[in-house]
Amino acid sequence: IAILQNINGCDSTVTLNLVVNPNVSSTQQITICQNALPYGWNSQSLTGAGTYTALLQNINGCDSTVTLNLSVNPNVTSTQNITICQNALPYRWNNQSLTAGGTYIAILQNINGCDSTVTLNLIVNPNIASSQKITICQNALPYSWNSQSLTAAGSYTALLQNVNGCDSTVTLNLVVYPNVTSTQNIAICQNALPYSWNNQSLTAAGTYTTVLQNINGCDSTATLNLIINPNVTSTQNITICQNALPYSWNNQTLTATG
């Protein structure tokens, strides 16, 4: 209350009802992802996490102090190195179907709802195919190859694992040289004994066998049927008159008894 004098010099009582509007302060908690920076707030461009203040006017025209606690969840990056075999293609990774080795990127959301960039280095170990050609003799059958027992010539396949743990297809071309047998029939005179045949000294007729190696290095069984024709002796007694001399006999001209 104030007592004043009006223009007439009389007391004038003035009563004042004073209303005070308080200054207002408030605090905000905001969390954003790193890729949302810079963050615009009350005409400020915020480039990192922290506490920021702005002085505004409220509806009463009084100062209003606003404080911002800005939290920034970082974007996450990670790298994976994965090695697979060729027959594992196409390889499924984060909704992508990968058909070859290389570097691939996927953008996911982490537990904070922010970008998570994952890089995959995909290495593809190739499947390997190889061929072998093996030549054996017939008496080496059955031939053991990669847990298979092969009984004849032909083309055979085995699926193995190489040093990388991947499929390795091996093809075997098996060539089988046959063993050879042969028979000889030889007739000789008795005075040709002993008869030499393949390092054997044969002294009588009979059947003989020897095992040799043919041009392929395989067994060659040779059989000899040896026939001995005996030497023959005979005696003739011939009587002639003297005037029949000379006497012709077996290309000889005989001029006297004998």
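This is a predicted model: local features need pLDDT of at least 70, side-chain atom pairs count only at pLDDT 80 or more; totals for chains, interfaces and linings use all residues.
I started with the largest pocket, which has a volume of about 390 Å³. Of its 14 lining residues, Ile238, Tyr247, Leu254, Ala256 and Gly258 are the closest to the centre. For my own record, a pocket here is an open set of points on a 1 Å grid over the protein atoms alone, where a 1.4 Å probe fits, with protein on both sides within 12 Å along at least five of seven lines; lining residues have an atom within 4 Å of a point. The volume is the space filled by probe spheres set on the points, joined across faces, edges and corners.

Residues are numbered from 1 along each chain, and side-chain values use heavy atoms, without hydrogens or water.

Most residues other than glycine have a negative phi, and most peptide bonds are trans. I found a cis bond joining Leu89 and Pro90, omega about -5°, and a cis bond from Leu193 to Pro194, omega near -5°. Pro90 sits in the loop between strands E8 (76-85) and E9 (91-93); strands are DSSP runs of at least two residues, numbered from the N terminus.

Then I checked positive phi. Asn146 has phi near 50°, and Asn251 has about 65°. Asn251 is exposed, at 85% relative accessible area, whereas Asn146 is partly exposed at 37%; buried is under 20%, exposed over 50%, partly exposed in between (1.4 Å probe, protein chains only).

Conventions:
Helices (H or I, at least four residues) and strands (E, at least two) are DSSP runs, numbered from the N terminus.
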